[in-house]
Amino acid sequence: PPPYFFFIYTATTFIYIFSDHDALEIYTDSVHSVAFSPGGKMIVSGSADETIRLWKIDNKGNFKLYKTLQGHNQSINSVAFSPEGTILISGSTDMTISLWDTEGNLIGQPLQGHKESILSVAFSPDGETIVTGSEDSKLGLWDIKGNFIGQPLRGHEGIVYSAAFSPNGEIIASGGAKGRLCFLDTKGNLIGKPLQSHQRDNKYYSINSVAFSPDGKILASGDEDGTVCLWDVQKKSLIHNQIWCKDNTVNCVTFSPDGKTIACALSDKTIRVWYFEVQLWYLESQLPKYEIKNWSGHNDEVNSIVFSPDGQMAVSGSLDGTLRLWDIKGTPIMQQPWCGHEGKEVSCVAFSPDGKVLVSSSIDGTIRLWRVGWQAWLKVCCDRLAYLALKEPDKFISEDQNCEICARYGIWSQTDYVEI
């Protein structure tokens, strides 16, 4: 039965495995957001078709639809799991936020307070607080019971595009229209005055993405004009800005797990990466020494970039409908990109907590799973193949012999990354 696997023996006895394109399920509209549970056993996805879907992953790595959640009456723009993995949150164009348990039951009533679409939702590291960003220029802070904490933050002058908790959960940073950057505490109080990002041609450009360093000391922000700014979180001051190029846009900015690398997804089809000699820190207005590299390979705007949990790889998603997997030095791990989304924009990408599986969502109405690494493929062979034809097409080997056969004949390439 599908997915189909093909074994090719080469002169060097490496085994390469390919499968047909295997989407979890096709929605009736674009899929905007997708996320793994902290334990890696569930996936949640949100779509413009007004539904949220929960997928379960069994011990053999098989994926299946578990629940379809209905309650919103417009597009789902953002979904997330709580840190303990027992609660889901969804934000919608219908101006509401909903909390769900992992059985698909709505917890309480939808949260109301915003007057425009909800663009982003996030849990605090302890799972007790929720932050929401909206097109109404307000940032919402809620407790886990759905009560507003303080009053909606009014420090922004337009759409709030991105919001994030610091790693210790004590500070929230948000970026929005007109280059406005705000910090607030967990009681909903603005910390200091709203900040402005880099100004060019007497104009402030929207901040599309914000990210804290792993130690929480630095905040990176990416602007509509192609500028990346680094901010001292304690002093609430600008450390450094780097203009990539005129008429370019930073769509996403992220830190590697060790804090030594910053990657930015850009509208000029590239990913720009800062490599620091040591973990990024701020001392007497001086940054550690760094170098900048340009990762190229996409044929259209890059809108997402995510590091693997071990920091050894990164995956990017593009408007060209493809994903690319990179090693930490920026070398493509595969010569050809993953093309399962049929040329339609990849809206979101995420690694599983163990880094062995990738999930991607697209405006083509699908989410797709991709296995990463030769060990994952070996497990697929052991767990999912009922029979294996080896060398002699008419000779089949039973499933319980797979491990022995793979060990005997399979010298696996550690750079095989294949879609499932």
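Predicted model: local features only at pLDDT ≥ 70, side-chain atom pairs only at ≥ 80, totals over all residues.
Let us start with a side-chain detail: the charged end of Lys67 lies over the ring of Tyr66, 5.4 Å from the ring centre. Such a placement is counted if NZ of Lys or CZ of Arg is within 6 Å of the ring centre and within 35 degrees of the ring normal.

Residues are numbered from 1 along each chain as its sequence is written, and side-chain values use heavy atoms, with hydrogens and water left out.

## The sheet S4-S5-S6-S7

Four strands make up an open, antiparallel sheet in the order S4-S5-S6-S7. Strand S4 (31-36) and strand S7 (63-70) are at its edges with a single partner strand each, so one side of each has no neighbour in the sheet. From one strand to the next, the twist averages 20°; the axes behind such angles are lines fitted to C-alpha atoms, for helices over the stretch in contact, and angles run from 0 to 180 degrees between N-to-C directions.

S4 and strand S5 (residues 42-47) run antiparallel and are joined by five bridges. Within this pairing, Phe36 is opposite Ile43 in S5. Strands here are DSSP runs of E with at least two residues, and helices are runs of H or I with at least four, numbered from the N terminus; two strands pair if DSSP finds at least two bridges between them.

Strand S17 (residues 180-185) is largely enclosed by the rest of the structure, because five of its six residues are buried. Buried means under 20% relative accessible area, exposed means over 50%, and partly exposed covers what is in between (1.4 Å probe, protein chains only).

Strand S16 (residues 171-176) runs antiparallel to S17, and five bridges join them. Ile172 is found opposite Leu184 in S17. The two strands form a hairpin with three residues between them, and Lys178 in the turn has a positive phi of about 60°. S17 also pairs with strand S18 (residues 195-196), again antiparallel, over two bridges; there, Leu195 in S18 is the bridge partner of Leu181.

The model has six aromatic pairs. One of them is the tilted pair of Trp274 and Tyr290, at 5.7 Å centre to centre with 35° between the planes. Trp274 counts as buried at 1% relative accessibility, whereas Tyr290 is partly exposed at 31%. The rings of Phe276 and Tyr290 are also tilted, with centres 5.4 Å apart and planes at 50°. Phe276 is buried, with a relative accessible area of 6%, and Trp274, Phe276 and Tyr290 form one aromatic cluster. Rings of Phe, Tyr and Trp (its six-membered ring) pair if their centres lie within 6.5 Å; planes under 30 degrees apart count as stacked, over 60 as edge-to-face and the rest as tilted.

Strand S27 also holds Arg272, which counts as buried at 14% relative accessibility. Its side chain joins that of Asn294 in a polar contact of 2.9 Å.

## S30, covered on both faces

In strand S30 (residues 313-318), six of the six residues are buried. Met313, Val315 and Gly317 point one way, Ala314, Ser316 and Ser318 the other. Five bridges join S30 to antiparallel strand S29 (residues 302-307), where Ser304 is opposite Gly317. Gly317 also has Leu323 in S31 as its bridge partner.

As for the polar contact named earlier, the term covers a pair of N or O atoms within 3.5 Å; within protein, one must be able to donate a hydrogen and the other to accept it, and residues adjacent in sequence count only if both atoms are side-chain atoms.
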